[in-house]
Amino acid sequence: MPAVRLGEKRVPFIDRDGVTIRYEAHGQGPPVLLTHCFGSTMRLWDRQVAHFAERYRLILWDMRGHGGSGDPVDPGAYSQALTVGDMAALLDACGEERAVIAGVGLGGLMSLAFHLEHRERVEALVLCDTGPGFRNHEARTAWNHRVNSRAHDIEIKGLDALGRGREVLMACHRSAQGLANAARGMVVQHDSLVHDSLRTIAAPALIVIGADDSEYFSAATYMASMIPAARRAVIPGARAVPNLEQPQLFNRVLDDFLGGLPTNVPASSPGRGPPRQVSPSAAAGWVSYR
C-alpha cells in the first residue's frame, strides 16, 4: 500500500495518472465509502469513524483539490467522471467489490454519479444535504453561473472565500487554485443524466436533510419521492452538514439504516459479516428524527 508521510503519520494514497488521492480506512465489517462536501476534507467524518468503526469498514478520502489529495494546475484534471473513477479505484485499493456509498453536498452528488456508472458496486446510498442536479437548462445555467462566480472569488480571495462554516474551519487544503478548479470541474453541471437516473435506482437509499437547510430541503423531498427504495430523515438543529452539526442524531439515523441492510454477500467473503435480514419498512418510507 503506497503511503505519504505527513509529519509522523503515514497516510495511504492511490496514484491516479499522477494525481495523488489520499484516503484512510478504519474498522472491520461491511464497507462504507464516505465522501465529503465541497471545501471540506475527510475529517468531516471523524465523529462517524469513532461511532461505527467497531462494526463497519469506513473508507474516507479527500477529493481532488481538497485536503491532502493532489491539486493539479490543469483544469482538465478535475471532472465528475474522474471523481467517479477515483471512487472506484479506492474501492479496488481496499479490496472491496461493493460498498454503501455515502456523501454530503458535492459528495452526495458524486455518490449518485457513481451509482450511474457502477450500480453493481452499490450496496446502498446515503445522500446528505445534496441534490441530483437540474433537468431544466435555464436552472442548470443559473447554477453554473453561481459556481463559476464562487470559483473566481476563491482565486481572488484565497481560502477565506470558503467562509467560516465548521466543515471549512476544520479543513486544511493545499491551494485555493485546486479548490477553484474542483468547483469548475466537479460542481459545474453539463447535463441531467444524474437527475434522470433517480427512478432507476434499485438500491436502498437514505436521504438525510438538516431541518434548517433551505437550499436542499426541496431537493431531498424530490429525491425521496423519485428513488423507489428511499427513506428520508430530517435532522433538527442542523443545516447543511448534519453529521457534523448533530452527530449523535445523525449516527442514530445511519445506525438504523445500515443495521437494516441485507449484505447479499456470502458470510465467507473477506471483510463481510453474515447477511442481515431487513424488515419490509426498512428500505422505504419517510422518517423524521427528533
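I took a salt bridge to be a side-chain nitrogen of Lys or Arg within 4 Å of a carboxyl oxygen of Asp or Glu. I kept in mind that this is a predicted model, in which local features need pLDDT of at least 70 and side-chain atom pairs count only at pLDDT 80 or more, while totals for chains, interfaces and linings use all residues. Residues are numbered from 1 along each chain as its sequence is written, and side-chain values use heavy atoms, with hydrogens and water left out.

Entry on salt bridges. I searched the whole structure and found 14 salt bridges. One of them joins E97 to R121, with the closest N and O atoms 3.9 Å apart. I noted that this pair links distant parts of the chain, E97 lying in the loop between α2 and β6 (99–104) and R121 in the loop between α3 and β7 (122–128), 24 residues apart; helices (H or I, at least four residues) and strands (E, at least two) are DSSP runs, numbered from the N terminus. For accessibility I used buried for under 20% relative accessible area, exposed for over 50% and partly exposed for in between, with a 1.4 Å probe and protein chains only. E97 is exposed at 53%, whereas R121 is buried at 7%.

I then looked up R64, which forms a salt bridge with D86 at 2.7 Å between the closest N and O atoms. R64 sits in the loop between β5 and α2, and D86 in helix α2, 22 residues apart. R64 is buried at 3%, and D86 is buried at 0%.

Entry on D62. I found D62 in the loop between β5 (57–61) and α2 (80–93), where it is buried with a relative accessible area of 1%. A polar atom of the D62 side chain lies 2.8 Å from the backbone nitrogen of M42.

Entry on cysteines. I searched the whole structure for disulfides (pairs of cysteine sulfur atoms within 2.5 Å) and found zero. C37 is buried at 8%, whereas C172 is exposed at 64%.

Notes
A polar contact is a pair of N or O atoms within 3.5 Å; within protein, one must be able to donate a hydrogen and the other to accept it, and residues adjacent in sequence count only if both atoms are side-chain atoms.
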